[in-house]
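Hi everyone, thanks for coming. Let me put the model up on the screen, and then we can walk through it together.

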Amino acid sequence: MDNMYTEYYLVVDLATGEAEEIELEEEFVQEYVGGAKLNMALYEEHKDGDPIVLGTGLLTGTLVPGSCLGVITAKSPVTGKVAHAPFTWSAGAELKLTGYSFVVIKNKAANPTYLWLHDEIADFVDASELWGKNTWDAVDVIRDEQGEDRIQLLSIGKAGENKLSTAMITNNYWGTGDRFGFGALFGEKNLKSVAMRGMGELEVDDPDAFIEKTKSVFDDVKSQVGDAKGLDAIDYAKIPADLKDAAKKQLHRVEADFNSPLAYKFFLKYREDPSVMLSTDVEEPGVLVSDPIGYAAIANAGVVPADAGEVLEAMFKLGLNPVAVASKLTAKDKAGAIAELEKFAESSEADKFDAVFSPIAPMSDRTEAAYIAGICPVLVAKAEALNADIFAELASIGTGLDFKADAFKM
Amino acid sequence: MTIQVDPQKCINCGACELGCSFYRDEVFTTMSSSVMMYREEKRNYFGLMLKREDDMILGRPEGVEIQKEGEASDSDAGASAKPILLREPCDECKDALCVRFCPTGCLIEVD
């Protein structure tokens, strides 16, 4: 593709250690558009290798609000169906800017490996030393090894290594929208992490028209999002009142995903005064609540509200899906709960549920379109200006091809 | 016209990097902007830097500092400022995309 996507996508065979660049053809994009839909086509093509497909949408990495979305498509160990889970923060855009808008990861590595994607290069790196390390240590080691602190990572912790269906792929130190046990698939494949650094660029067919339309969408989205942020940004997270009160006492700053106006993530400091704005010698002062639904689930399981952040941190370090494991906690305090989590990471318990798209945000008729366009489903839940008609218009301006709204349906 | 930075309003979305890069090359990238985010992720210490003709605005969460050319900074933001030294300085363009797409008013234009 000349515009909006990279020229190539990548097919990685972990068994042979080979990575093949394949041209991302215009006809293919015209038919499958991108995101979950194009991922699905790649999944079908490479089904024999039980692939994990990481993909972006046509609008991922552009200035269109919420352009942070990357989609993981694979067969879920939890549901037994092919399913789609989001990864946001900076990782979605980072993947595209590595030079590969889509990456198919198939088969199984003989030894623990991490995949290092950068500047249109895919390196297979030995991860034997990383196996057994928690996700935070893995991030630190890989960033240090590759010499870049803006590297974005999708990794697993102990839960994924032990192939548990409660495992979640993590993004850097925090969570993703993986509610499908895809972390177990990483473990199955001996894949500790996919590390990405994107210094590429995306061309646009009609830059002036694209920016003009994008600005009008941005204005609409901003007015629909309003001033809600942090703990009050997304009401469907249903953060209980006592948890909100506890969180307010630990609240440091609010944050958004890449190019999103919705600051629904918030950082809690519990090993340092949260009013401290300086960078101090406390290396791990707290946790980014990247998943308010998971955070609420911990308190709803009866954990003391003031301890919920630290318990969430433990889940992220172990690579456990907070929604799946919270309900299994019996301890009310952090020490007890964290000890239980350590045990869970060695067990094989999991809740089963039935879904195709990850329940990271409420489903609407626009959610599916967002998963194809590459726009954050959490933002889409708030902003009606983000819909299939708009995605089709922007996709057409950006590529010079002709997309209709119904292209943004599976 | 110049750009003012209010780093406490920053939500680290990076729209400014995308906007400025697009203004320069009409492509989407984060690599050619005069404004650059930095983040110590585990400490949640983040803000942005704006390279200007004769100095650099360091928008740290604890406040704004103007760093003259050749001056060293004693803060951590100084350490990660290195890549921005290779970039083009802000040319104070009209209707700057970094400002137009900043969702929080962290970046504003002033006369």
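Domain 1 and domain 2 of chain A bury about 2,700 Å² between them, and carbon and sulfur atoms give 62% of that. Buried area here is the accessible area, taken with a 1.4 Å probe, that two parts lose on being put together, summed over both. Before going on: this is a predicted model, where local features need pLDDT of at least 70 and side-chain atom pairs count only at pLDDT 80 or more, while totals for chains, interfaces and linings use all residues. Residues are numbered from 1 along each chain as its sequence is written, chains are lettered from A and ligands numbered from 1 in the order in which they are written, and side-chain values use heavy atoms, with hydrogens and water left out.

So where are these domains? Domain 1 covers 8-203 + 355-408 of chain A, and domain 2 covers 230-344; such bounds come from an automatic or database domain assignment. The centres of the two domains, taken over C-alpha atoms, are 24 Å apart. In contact, meaning heavy atoms within 4.5 Å, are 37 residues of domain 1 and 34 residues of domain 2.

How many salt bridges are there across this domain interface? The rule finds 1, a salt bridge being a side-chain nitrogen of Lys or Arg within 4 Å of a carboxyl oxygen of Asp or Glu. A:D291 and A:R179 meet in a salt bridge, 2.8 Å from N to O.

Now to chain B. Chain A brings 51 residues to the contact and chain B brings 35. About 3,800 Å² is buried between chain A and chain B, 58% of it from carbon and sulfur atoms. Three residues, A:L63, A:R150 and A:R253, supply 18% of the area that chain A buries there, more than any other three. Between these chains the count is 5 salt bridges. There is a salt bridge between A:R143 and B:E41, with the closest N and O atoms 2.9 Å apart.

Strands also meet across the chains. Strands here are DSSP runs of E, at least two residues, numbered from the N terminus, and two strands pair if DSSP finds at least two bridges between them. β12(A) is joined to β2 of chain B, residues 27-28, by 2 bridges, and the strands run antiparallel. Which residue is the bridge partner of A:E203 in β2(B)? That is B:V27.

Finally, chain A has an open sheet of 5 strands with mixed pairing, in the order β8-β7-β11-β9-β10. Because β8 (121-126) and β10 (170-171) each have a single partner strand, they stand at the edges, with one side of each left without a neighbour in the sheet.

Conventions. Helix = DSSP H or I, 4+ residues; strand = E, 2+ residues; numbered from the N terminus.
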